[in-house]
Amino acid sequence: MTTMKTQYRYIGKPTPRNDALEIVTGKAEFIDDVKRPAMLYGKVLRSPYPHANILEIDTTKAEALPGVKAVLTHKNVPGWKTGIPRHVRVLDRKVRFVGDAVALVAAETEEIAAEALGLIKVEYEKLPAVYDVEQAIQPDAPQLYDEFPRNLVPLDVKVFGPKSLSKVVMGDVEKGFGEADFIGEGTYAYENFANPLPLEPPGVIAEWEGPEKLTVWSATQSASWHRFIMLSKMGFPDIRTISTHCGGSFGSKNYSAQPLFYAAALAKASGRAVKVRYTKEEQFGAFALRLGSRFRGKVGIKKDGTVTAVSGEWFVDTGAFSDMAQAQIAVGCGEAQLMLRCLNWDLRTRLVCTNRNASGIVRGFGGQELESAFHPILSIAMEQAELDPVEFFKKNYVKPGEGYYWRDGNWWVCRGKDYSNAIMEGAKAFQWKEKWKGWLTPTAVQGTKRIGVGVGVHGNADVGEDESEAYVRLNPDATATIHACVSESGMGQRSSLCKMVAEVLQLPLERVSMTPPDSLINPFDFGLVGSRGTFAIGSAVIAAAEDARQKLLALAAPLFHSEPDELESMDGKVCVKGKPGTGIPWNRVTSLTQTCTGFGRFKPDYSVPNFLILFVEVEVDTETGQVVLLNVVSATDVGQVIDPLSLEGQLYGALGAAGMDTALFEESVLDRRQGHLLNINMMDYKWRTFSELPRFRNVILETGIPTHRYKALGVGEIATSPGPSAVLMAASNAVGKRLCDYPVTPERVLKALGKIKKE
Amino acid sequence: MRSKRIRKREKINLTVNGHAYELDVGRQAHQLDPAHTLAKTLRETLGLTGTKIGCDRGSCGSCTVLMDGKAILSCTTLTVECDGKSITTIEGLGDPQKGILDPLQQAFIDHTAFQCGFCTPGMIMGAKALLGQNRSPDEGQVKEALSGHYCRCISHYHVLRAVLEAAKRIR
């Protein structure tokens, strides 16, 4: 395959990240490194109760503390609201989870702000709380919001337009189940509310330049979100957003609505710039967890692995709120169809709020949540049919010419790739055929140690989501500047975009740079979500570079007494095609005082899904119940690699960001009597260390995918998604018992083995 | 004991990246508050923001700096404990004035041994301490030395390659 590939100057070759020097010398500027003149520090007083009315708040003592510049409660905060539909106030007269915001303080130092919080007296009226989705929808359950009877959050909110997807209903499921040879059925949950836990906690600085003009600095992966999403929630001030280097996000810091509200409200009240930077405890206990996901469902399959029907009810638990849950449901419903070719669906959803810390956006965006809860049911069916799951996934993953309802509710027909080759290459690298011994059968047994293998797949058509615009400006000194509102949160996307532009312009890579992610100086870009950077943003910058190039050649044509299409630009000189000796430098084509700017735009295209298959091998100790991840192989086809080192990093990311390890040890432990999360620090929230790294191999095919001229496709978002269910499958096979709960703790393994008593 | 001694002296001396600093201890705005961590002093008093604070509780490794050549967590070290000590931060590696990078920094660039980059300064300082004690570590020793460093992007595999490569280049 590689012999047929186009050889590029930069695309596909490893090149240092543009920001590499800043990062390794400590000069990269993250949110906590930014200070504004006369900046204050904001802190949040948080509720000790999961559900309570605030009867009284006395802030007099806090206000009197020297250095305190503003104290806000529900009585005097702006009336801004977030949530879909809008229901989450900056501060409310009611608290809905342990850690919910009660009051805000801005002070000269963080220490003074913290001291002031301790001086605020609050009288609460405790209310009963509810933590379980199915209990929460009972008529007599405690109700979180007056506007949401039975704690059901509306789904008909048109988050992606008038037909926005909130269920998958098509065909005739009764007929489908009638045709099935085997049926998998049950209720399974992916409800460990794991935390994406980027190392850098969320932080926002807000500064008003007048009553209607707000500037926001934020550690975000998508600079524009703090403007275009927050505008309507804040009464349409003019918001300028600037993204600092983002110390990891994995979805969670796309959009820090709460910290932004707090900083902006305090900045308004104090007339000063205010920074709100969450502590690690706040990041754990009052920011963005994964959605809870429970699936009561049924799947019918034939002996040959044909899926005849899927039905069920998907309960999605937001905790106290989630700003994007309906969008995650839409994408999750779409992704289920990519994974399973089936004509008959009746998959309904319920969105429920409960009294725990809020959920937010997390890598995997709904699809990982649905699939992880759905997989045990699918496994039951495959087990009865004695099907090899790799063959099953190969048969059922969406193929070119097949269709699906995507998040906008429209029927899209796949014009992408058949990923069967990626599946087979991955299986070969993993030695799947040698290791797979059948369902609930270990690959090997050595004393108390048993080895098992598992597999999962995931794909997403959001790689072509939403809009991107870009300018590319050719400067007379033979440099090019990309204007696009793109942050850097780890994907290396800013560097990859420079490579694409350098390739279009045939300009040395170091001569291409990019404006900072700032909404004031850049056209609109939706941001780094859904693996859209390569296809969506890439298309816009490539089009802008091509437009600029065409304009330059048109300017140069008279100098050569020829037509623009007889010319090319090479290393900052325009020349007759194939005759570099004829080159005229850009500054003589334009002039020293002129630039030449092109524009590019990308429109959404949901017809090219990406794909990833993950193979895992675990070792289970039947004495201790411990499950150890030994070996991982990921396989994908990205069409064309842009930067091999950055791509590998994204794929290794399967182990991070509340991904595969949510099946092994990651969870937010909720005390369902008191409503407290019990492990909100980095000692008690287990994370994978260097000493616990499995062998990890990436198999990356590059067969060209019809996206833009470089035939490339992003894949980062989905790295985490197939892992959790693959680990459960592997652990089940190792011990010969079905393990269906996340994470598969030693206790759960020993229970399944009958070595300790069941609850 | 220690705090009494400091109260008497009211000043501490420390060296950071080769520069000697004398800091007045006290509770005024211009003074070194005895409650200040080394991380805070480095970042806010000395303006060395390359040292990152991830958890501020000594469990993520991102604030790692060298104290007399040994890796320490600057978020759980009080500055008043650093009297007479020599501290090296990420800004002190290589020869910044001449634009010369430490071999570790260069290897991290060459292997793109980071994604978001927030853990990188701490990771490099942790690796620097290791290579100071062991010029030829094997992969297991690098893993052990860096096991307290949290990286959520999962750049571990790239970091291992970079550290082993830097060790080779130094030899």
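Q: What do the buried residues of helix 2 of chain B pack against?
A: Let's begin with the terms. Helices (H or I, at least four residues) and strands (E, at least two) are DSSP runs, numbered from the N terminus. Two residues are in contact if their C-beta atoms, placed from the backbone, lie within 7 Å. Here, the buried residues of helix 2 of chain B pack against strand 1 (11-16) of chain B. This is a predicted model, where local features need pLDDT of at least 70, side-chain atom pairs count only at pLDDT 80 or more, and totals for chains, interfaces and linings use all residues. Residues are numbered from 1 along each chain as its sequence is written, while chains are lettered from A and ligands numbered from 1 in the order in which they are written.

Q: Which residues of helix 2 of chain B are buried?
A: A residue is buried if 20 or more other C-beta atoms lie within 10 Å of its own, exposed if 12 or fewer, and partly exposed in between, with C-beta atoms placed from the backbone. In helix 2 (residues 38-45) of chain B, six of the eight residues are buried: Leu38(B), Ala39(B), Lys40(B), Thr41(B), Leu42(B) and Arg43(B). Just after this helix, Gly47(B) has a positive phi of about 70°.

Q: Why does Lys27(A) count as partly exposed?
A: Because Lys27(A) has 17 C-beta neighbours inside 10 Å. Lys27(A) sits in the loop between helix 1 (20-25) and strand 1 (40-46) of chain A. Beyond its neighbours within four places in sequence, Lys27(A) is in contact with Glu22(A) and Gly50(B).

Q: How many residues of chain B are in contact with chain A?
A: On chain B 38 residues are in contact with 42 residues of chain A.
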